[in-house]
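Hi,

Here is the structure I promised to pass on.

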Amino acid sequence: ITPVFTPREVGVVANQCGDPTAVALKKRPRKVVSVRNIWRIDDEWWREEISRLYYELELDNGSVITVFQDLVSGKWYQQKY
């Protein structure tokens with residue numbers, strides 16, 4: 001059985017273009033060293049709108065995480081943790 005991960009809301013600092021520059025993980029800010037990938041998902045507009053902009057990020061501690069901004073609410077989430 002594949003585990004289901006519920007995205008967790010996280011604090012993100014973004015630059016003027018909207019790209020993440022820091023992410024608060026476990027209440028500790030981590031600087032974004034590089035953005036490895038960006039993609040967008042728009043789906044289910046006929047039921048409940050889903051519009052998300054995903055970022056795969058390399059952080060200053062060497063970890064790689066995926067976060068997304070919910071473009072409907074403006075909130076940021078960590079995809080898996």
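To get going: which residue in β3 does Val13 stand opposite? The residue opposite Val13 is Ala22. Before the rest, some housekeeping. This is a predicted model, with local features needing pLDDT of at least 70 and side-chain atom pairs counting only at pLDDT 80 or more, while totals for chains, interfaces and linings use all residues. Residues are numbered from 1 along each chain as its sequence is written, and side-chain values use heavy atoms, with hydrogens and water left out.

The sheet

Seven strands make an open sheet with antiparallel pairing, in the order β1-β7-β6-β5-β4-β3-β2. At the edges sit β1 (8-9) and β2 (11-14), each of which pairs on one side only. Strands here are DSSP runs (E, at least two residues), numbered from the N terminus, and two of them pair if DSSP finds at least two bridges between them. As background, strands of a sheet pair through backbone hydrogen bonds, either parallel or antiparallel.

Back to β2: four bridges link it to β3 (residues 20-25) in the antiparallel sense.

Val23 has Arg30 in β4 as its bridge partner. This hairpin has two residues between the strands, with Lys26 at a positive phi near 50°.

Val33 belongs to β4 (residues 28-43). Leaving aside neighbours within four places in sequence, Val33 is in contact (heavy atoms within 4.5 Å) with Glu58, Leu59 and Asp60. Val33 and Ser63 are 30 residues apart in sequence, yet 10.0 Å apart in space, C-alpha to C-alpha.

The core

The largest nonpolar core has eleven residues, including Val23, Leu25, Val32, Leu59, Ile65 and Trp76. By that I mean a set of buried Ala, Val, Leu, Ile, Met, Phe, Trp, Tyr and Cys residues joined through side-chain atoms within 4.5 Å, where buried is under 20% relative accessible area (1.4 Å probe, protein chains only). Two or more residues each come from β3, β5 (50-59) and β6 (64-70), and β5 gives the most, with three.

Cheers

Key: Buried < 20%, exposed > 50% of the residue type's maximum accessible area, 1.4 Å probe, protein only.
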